[in-house]
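Colleague: I am new to this structure and would like to be taken through it. Could we go part by part?

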Amino acid sequence: MPASPYDEMTAPDGTVRPHYRAVADWLTRTPPARVAQKREEAERAFHRLGITFAVAGEDTGTERLIPFDLIPRIIAADEWSVLERGLLQRVRALNAFLDDIYHDQRILNGGPVAADRVLSNTQYRAEMRGVDVPGRVYAHVAGVDVVRAGAGEFYVLEDNLRVPSGVSYMLENRKMMMRLLPELFAAQSVRPVHHYPDVLLDNLRGLVPEHVDPTVAVMTPGPWNSAYFEHTFLAQQMGVELVEGQDLFVRDDTVYMKTTRGPERVHVIYRRVDDDFLDPLAFRRDSMLGVPGLFSAYRKGRVTLANAIGTGVADDKSIYPYVPKMVEFYLGEKPILNNVPTYMCRKPDDLRYVLDHLHELVVKEVHGAGGYGMLIGPAATRAEIENFRQALVADPARYIAQPTLSLSSCPTFVESGLAPRHIDLRPFVLSGEKVQMVAGGLTRVALKEGSLVVNSSQGGGTKD
């Protein structure tokens with residue numbers, strides 16, 4: 001692996017990669033004051049839109065503006081073609097896995113995945129055994145985190161199948177770039193992303209038999225949720241109602257929405273509420289966010305939930321190492337995209353290696369998300385490493401470890417000027433009658449020099 005990270009814009013010989021020439025030319029001929037003006041315009045516009053995200057450790061409040069960077073992340077068409085095929089393949093396999101573990105469990109009975117890894121997983125919902133979901137699709141929306149490392153190879157870092165966030169920022173970033181820098185779009189052919197809400201709505205409506213004109217709603221935990229902007233944005237873009245649990249009720253195993261015209265039946269709920277809080281009669285009894293009786297209506301096929309209850313087991317980090325084997329098991333194909341090599345600390349040999357190389361590795365909690373519960377060995381203090389060592393010894397099954405990848409970098413505006421910063425990519429895969437995706441994704445950027453943590457909740461920014 002090269003000592004320096006793969007540079008998205010510049011080749012090792014110092015030349016600009018062909019698909020970045022229009023951006024490089026714009027940077028060369030645009031005065032710094034003009035660039036600063038464009039950046040200020042973007043910040044004011046995002047403030048007006050209210051695009052915020054909850055950030056850990058902030059003293060100034062629970063939310064702040066997500067920093068937006070003008071330098072886009074560009075993927076050439078031939079590279080995108082490989083990514084697209086690999087992501088569609090991966091999500092098809094994950095949906096097949098979910099259908100299997102809640103029905104025949106072939107992969108657990110003599111297959112490549114140990115039954116205890118799934119059946120004892122906190123995200124496995126035994127209540128879903130034998131429940132038939134429309135089209136056998138569980139993950140209607142999947143956000144798959146992809147990184148580029150080494151000499152430019154793509155790796156899947158994480159699968160997000162529960163309530164994946166970020167697509168609204170992908171769409172708003174593109175609108176902002178087209179408004180501020182139309183000359184960059186005139187100089188090259190850029191595939192659009194604006195039709196994502198239409199594709200999502202078509203998929204959701206397709207979950208209901210054709211003779212029904214379905215009512216679709218987006219269910220949010222409420223304004224305090226870190227992704228509330230996205231919930232309101234998607235409901236508005238799809239032209240459907242945004243509801244909280246208190247806006248719905250169940251009668252005769254049928255879900256209704258309270259309206260000024262009286263109760264209106266709801267056929268499909270795009271839920272952005274975690275499993276535990278969906279129905280206090282079936283899951284957490286103390287939930288104030290859910291709808292009593294919702295799970296009963298769901299089991300009887302009277303309402304469809306996207307994503308399905310129980311999808312979380314497939315994006316748990318303890319299951320992640322098995323996804324390439326799922327591709328071969330269910331599809332009979334070789335995986336197009338590779339996982340990051342992963343050590344499963346519950347295995348004694350892997351644990352010994354991890355304990356001996358903590359200073360070199362990234363260690364993650366299997367149920368962790370958002371950049372929390374992680375150790376990045378090369379950037380950690382001796383005390384942090386020792387604390388993680390004790391935690392690993394006490395409960396090794398709780399952790400996985402991976403090599404510290406040198407994530408690719410992209411030029412980014414920072415206080416000192418233009419500088420390389422590490423990035424990742426979250427494309428969104430939509431599953432319904434077919435599996436498809438728009439040609440784009442959310443690029444997150446680590447704004448601190450040398451940092452590999454790109455998560456918005458940890459202070460990262462975004463790019464188109």
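**The open sheet and its surroundings**

Modeller: This is a predicted model. We may begin with an open sheet of 4 strands, which has the order S14-S17-S15-S16 and antiparallel pairing.

Colleague: Which are the edge strands?

Modeller: They are S14 (343-344) and S16 (374-376), each of which pairs on one side only.

Colleague: And how many bridges join S15 to S16?

Modeller: S15 (residues 361-365) is joined to S16 by 3 bridges, and the two run antiparallel.

Colleague: Let us turn to S18. Is that strand buried or exposed?

Modeller: In S18 (residues 409-414), 6 of the 6 residues are buried, so the strand is largely enclosed by the rest of the structure. Ser 409, Pro 411 and Phe 413 point one way, while Cys 410, Thr 412 and Val 414 point the other way.

Colleague: What does S18 form with S19?

Modeller: The two strands form a hairpin with 2 residues between them. S18 pairs with S19 (residues 417-431) in the antiparallel sense, over 6 bridges. Phe 413 stands opposite Leu 418 of S19.

Colleague: Now the helices. At what angle do H3 and H10 pack?

Modeller: H3 (residues 77-101) and H10 (residues 323-331) pack at about 80°, and their axes are 9 Å apart. Angles from 65 to 115 degrees count as roughly perpendicular, and the two helices are therefore roughly perpendicular to each other.

Colleague: Which residues make the contact?

Modeller: On the H3 side, they include Arg 90, Ala 93, Leu 94, Phe 97 and Asp 100. H10 contributes Val 323, Met 326, Val 327, Phe 329, Tyr 330 and Leu 331. The residues of this contact divide into 10 nonpolar, 1 polar and 3 charged.

Colleague: Which residues touch the most other members of the largest nonpolar core?

Modeller: Phe 97, Ile 101 and Met 326 do, in a core of 69 residues. H3 gives the most to this core, with 10 residues. A second, separate core of 52 residues includes Ile 74, Val 193, Tyr 196 and Val 438.

Colleague: Why might such residues gather in this way?

Modeller: In soluble globular proteins, nonpolar side chains tend to be buried together.

Colleague: Back to Phe 97: what is it in contact with beyond its neighbours within four places in sequence?

Modeller: Phe 97 is in contact with Ile 107, Val 118, Ala 314, Ile 319, Met 326 and Tyr 330.

Colleague: Which residues of H8 are buried?

Modeller: In H8 (residues 228-238), the buried residues are Phe 229, Glu 230, His 231, Phe 233, Leu 234, Ala 235 and Met 238. Their cover includes helices H2 (32-49), H5 (167-180) and H7 (196-205), together with strands S6 (216-219), S7 (241-243) and S11. After H8 comes Gly 239, with a positive phi near 70°.

Colleague: One last residue. Where does Ala 282 lie?

Modeller: Ala 282 lies in the loop between S11 (268-271) and H9 (294-299). With a relative accessible area of 26%, Ala 282 is partly exposed. Leaving aside its neighbours within four places in sequence, Ala 282 is in contact with Glu 127 and Phe 295. Its C-alpha atom is separated by 53 Å from that of Ala 36, which is 246 residues apart from Ala 282 along the chain.

Methods:
Residues are numbered from 1 along each chain as its sequence is written. Side-chain values use heavy atoms; hydrogens and water are left out. Axes are lines fitted to C-alpha atoms, for helices over the stretch in contact, and angles run from 0 to 180 degrees between N-to-C directions. Angles under 35 degrees count as roughly parallel, over 145 as roughly antiparallel, 65 to 115 as roughly perpendicular and the rest as oblique. Contact means heavy atoms within 4.5 Å. Ala, Val, Leu, Ile, Met, Phe, Trp, Tyr, Cys and Pro count as nonpolar, Asp, Glu, Lys and Arg as charged, and the others, Gly among them, as polar. Buried means under 20% relative accessible area, exposed over 50%, partly exposed in between (1.4 Å probe, protein chains only). Two strands pair if DSSP finds at least two bridges between them. A nonpolar core is a set of buried Ala, Val, Leu, Ile, Met, Phe, Trp, Tyr and Cys residues joined through side-chain atoms within 4.5 Å.
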